[in-house]
Amino acid sequence: MKRVYLCLCIMACCIGLTGCKQSGRALPSANGSIYELLAVTDNTIWESPLGDSIRSYMGADMPCLPQMEPYFTVSQVSPQLFDDFLKPTRNILYVDINPSRYTQAKVKYHENVYAQPQVVCVLQSPSPEEAAVCFEVEKTAIRQWFVRQELARQGRFYRNYKTTDTREAVQRRLGSDICIPSDYLLVMDSADFVWCVNDGGSLRRDLIIWSYPYTSESQLTKEALLAKRNEVLGAHISGQLEGSHLGTEYNHFPPQFTPITVNNRWCAEIRGLWKMLDGEAMGGPFVQHTRIDEINNRVITAEVFIFAPGQKKRNPLRQAEAILYTLKLPQEINQLKEVEVSNTKE
């Protein structure tokens, strides 16, 4: 009997372990389009000031786009209707009001709860009033978290691509690495300027990386970075009309400068609109990251911009922007070895 009982225990353990593994693999794929957010909350909460705040902030217009498009396309469902069909949604904001369970309002972040890749932000509170106050305090962090999760998903997708000509050019010229989709074709490859383009569909995406010597922190101000952008891109990118060149739009939506962190290091992000100067009526949004190559004492700037007349631009811009987060500078690849960089102009 003891032997039989021991065997049954072993079998139960094995079944339990197998069940855990299967449950880990059984998560369905997340569904929904990028930058869609499902708010799970009672209908009465959704019509309250808290619901108004969630709608207005999460669905606020993204800056520096030529037409109005929201950060997130927000929809709502009550917890009673939050069924197995909706649970695999890729981005979920769950408002849980329960006075018997919670004593204070708090925000918690989770990944891969009902599907993968999925993120779920839970706003738990004993009352709607406290939840509204908590959301007001945490709303910037909540929105930034959802945005960074979307960018990270896209970045993981790009890392599956094999080495491209542009990636090899960045490695050779700048001693850096970046994950570039195979449909971005190399246009220019010089010692301090690498340019690739994806124009195979209904819109055009450009990715450009350039470098120059680092001399002082004064080079890293918004004004200095935009002046350098106009100088470098104006010299390399021209329009069809003689004398036309690419520049920056300052009047419609002034460029926005934001210090951010990439790979645990400082990065200057600039978002704005580009336009063709002294030529065709062309323009669109751009995102630029500028960082310091500490090993070779250089400034490295990577920028994406898109041209999509008559089309929505949020999603293609965000997809291109995710490439910037895959850039690894020499000190991030190998902090012990100096990188040899070609200085030969072509």
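1. Trp-145 counts as buried, at 16% relative accessibility. Buried means under 20% relative accessible area, exposed over 50%, and partly exposed in between (1.4 Å probe, protein chains only). This is a predicted model: local features need pLDDT of at least 70, side-chain atom pairs count only at pLDDT 80 or more, and totals for chains, interfaces and linings use all residues. Residues are numbered from 1 along each chain as its sequence is written, and side-chain values use heavy atoms, with hydrogens and water left out.

2. The partner of Trp-145 is Tyr-109. The two rings form a tilted aromatic pair, 4.5 Å centre to centre with 50 degrees between the planes. The criterion: rings of Phe, Tyr and Trp (its six-membered ring) pair if their centres lie within 6.5 Å; planes under 30 degrees apart count as stacked, over 60 as edge-to-face and the rest as tilted. Tyr-109 lies in strand β4 and Trp-145 in helix α4 (residues 128–158), so the pair ties together parts 36 residues apart in sequence. Tyr-109 is partly exposed, with a relative accessible area of 34%.

3. The pair belongs to a wider group. Tyr-35, Phe-72, Tyr-109, Trp-145 and Phe-146 form one aromatic cluster. A search of the whole structure finds nine aromatic pairs.

4. Now the overall make-up. The protein chain has eight helices and 13 strands. Helices (H or I, at least four residues) and strands (E, at least two) are DSSP runs, numbered from the N terminus. Of the 346 residues in the protein chain, 47% count as buried. Among contacts in the protein chain with a separation of 6 or more, 64% come from residues 24 or more positions apart. Contact means heavy atoms within 4.5 Å.

5. What is the strand order of the open sheet of five strands? The order is β2-β1-β3-β5-β4, with mixed pairing. The edge strands are β2 (73–77) and β4 (106–111), each pairing on one side only. Neighbouring strands of this sheet are turned by 20 degrees against each other on average, direction ignored. Two strands pair if DSSP finds at least two bridges between them.

6. Within this topic, take β1 and β3. Strand β1 (residues 36–40) pairs with strand β3 (residues 91–97) in the parallel sense, over three bridges. Leu-38 has Ile-92 as its bridge partner in β3. Helix α3 (residues 49–58) packs on the sheet and touches β1, β2, β3 and β5 (119–125); its direction makes about 160 degrees with that of β3. Axes are lines fitted to C-alpha atoms, for helices over the stretch in contact, and angles run from 0 to 180 degrees between N-to-C directions.

7. The largest nonpolar core has 56 residues, of which Met-58, Phe-135, Phe-146 and Leu-207 touch the most other members. Its largest share, nine residues, comes from α4. Apart from it lies another core, of 21 residues, among them Trp-195, Leu-233, Phe-286 and Val-299. A nonpolar core is a set of buried Ala, Val, Leu, Ile, Met, Phe, Trp, Tyr and Cys residues joined through side-chain atoms within 4.5 Å.

8. Phe-146 deserves a look. Not counting residues up to four places away in sequence, Phe-146 touches Leu-37, Met-58, Phe-72, Asn-91, Ile-92, Leu-93, Val-119 and Cys-121.

9. Two arginines sit over rings. The charged end of Arg-143 is over the ring of Tyr-71, 3.7 Å from its centre. That of Arg-229 is over the ring of Phe-286, 3.9 Å from its centre. The test is NZ of Lys or CZ of Arg within 6 Å of the ring centre and within 35 degrees of the ring normal.

10. Is Ser-125 buried or exposed? Ser-125 is buried, with a relative accessible area of 0%. Ser-125 lies in strand β5. Its contacts beyond four places in sequence include Asp-96, Tyr-102, Gln-104 and Glu-130.

11. Check the backbone exceptions. Most residues other than glycine have a negative phi, and most peptide bonds are trans. The peptide bond from Gln-116 to Pro-117 is cis, with omega near -5 degrees. Pro-117 is in the loop between β4 and β5. Tyr-35, not a glycine, has a positive phi of about 60 degrees. Tyr-35 is in the loop between α1 (2–25) and β1, and is buried at 2% relative accessible area. Asn-263, also not a glycine, has a positive phi of about 55 degrees. Asn-263 is in the loop between β10 (256–262) and β11 (265–277), and is partly exposed at 36% relative accessible area.
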